[in-house]
Amino acid sequence: MDVGSSLAQAVTSQRTLDEMDSARADIESRLLLYLSHFDGRRKEFAGSSLRTHFEDLFSDDMVHLHDGRPMDKDQFRRLIRRFAEAGVVATLEDIDFYGGDELEFTVHWATDDTSAVMHVSASVEDGRIVRVVPSQETRGAFAAFGYSGEELVGGREGGMLGSYRIKQLRELRDRWTRRRSKLA
């Protein structure tokens, strides 16, 4: 290989890495901007900057595997609208990128009396998130807030989950917490 083609390859590789870094920084900043709206104050979703950032971050074809069931963008939008109206706080705890279009991140969602951590892997296409898959351990995190995937289907706006289910989830969370402290 001659020096000229080797140099051209190095420049092309660096340009590709720079473009990937730029795309990653863009997704991360848009994710942070979106989550910054969840600051504990109740707010309207429709016509708000939160909705604008939601639409900008998530692809129209996105799928979120909520509690193991596929949720389309409309269903996910209804869930996020409820979080905004409830005054949920969201904190990005961790984010890692893999390859050019895969990432994992952890978000802590909380209200005054409920807290849940969700770790997800996501895929990005054309600069927008198209697939969100919660980890096995955090798959039911939104249920801690009383939301099931079934109530977000279509136009149905169901109510809270039964208190027995919430009690089960709290017991499971407590068990995980005890197990983690034993391992530490």
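Modeller: Rings of Phe, Tyr and Trp pair if their centres lie within 6.5 Å. The model shown here is predicted. In this model, ring pairs link Tyr34, Phe38, Phe45, Phe54, Phe58, Phe76, Phe83 and Trp109 into a cluster.

Biologist: How many aromatic pairs does a search of the whole structure find?

Modeller: The search finds nine aromatic pairs. One of them joins Tyr34 and Phe54, whose ring centres are 6.2 Å apart; their planes stand at 50 degrees, so this pair is tilted. Tyr34 belongs to helix α1 (residues 3-36) and Phe54 to helix α2 (residues 49-57), so the pair ties together parts that are 20 residues apart in sequence.

Biologist: Why is the pair of Tyr34 and Phe58 edge-to-face?

Modeller: Planes over 60 degrees apart count as edge-to-face. The planes of Tyr34 and Phe58 are at 80 degrees, with ring centres 5.6 Å apart, so the pair is edge-to-face. Because Tyr34 lies in helix α1 and Phe58 in strand β1 (residues 58-66), this pair ties together parts that are 24 residues apart in sequence.

Biologist: Are Tyr34 and Phe58 buried or exposed?

Modeller: Both are buried, and Phe54 is buried as well. The largest nonpolar core has 36 residues, and those that touch the most other members include Tyr34, Phe58 and Phe76. Helix α1, helix α2 and strand β1 are among the elements that each supply at least two residues of this core.

Biologist: Which residues does Phe76 touch, not counting residues up to four places away in sequence?

Modeller: Phe76 touches Tyr34, Phe54, Phe58, Met62, His64, Met71 and Phe142 on that count.

Notes: Residues numbered from 1 in each chain as written. Predicted model: local features only at pLDDT ≥ 70, side-chain atom pairs only at ≥ 80, totals over all residues. Heavy atoms only, no water. Phe/Tyr/Trp six-rings, centres within 6.5 Å; stacked < 30°, edge-to-face > 60°. Helix = DSSP H or I, 4+ residues; strand = E, 2+ residues; numbered from the N terminus. Buried < 20%, exposed > 50% of the residue type's maximum accessible area, 1.4 Å probe, protein only. Core = buried A, V, L, I, M, F, W, Y, C linked by side-chain atoms within 4.5 Å. Contact = heavy atoms within 4.5 Å.
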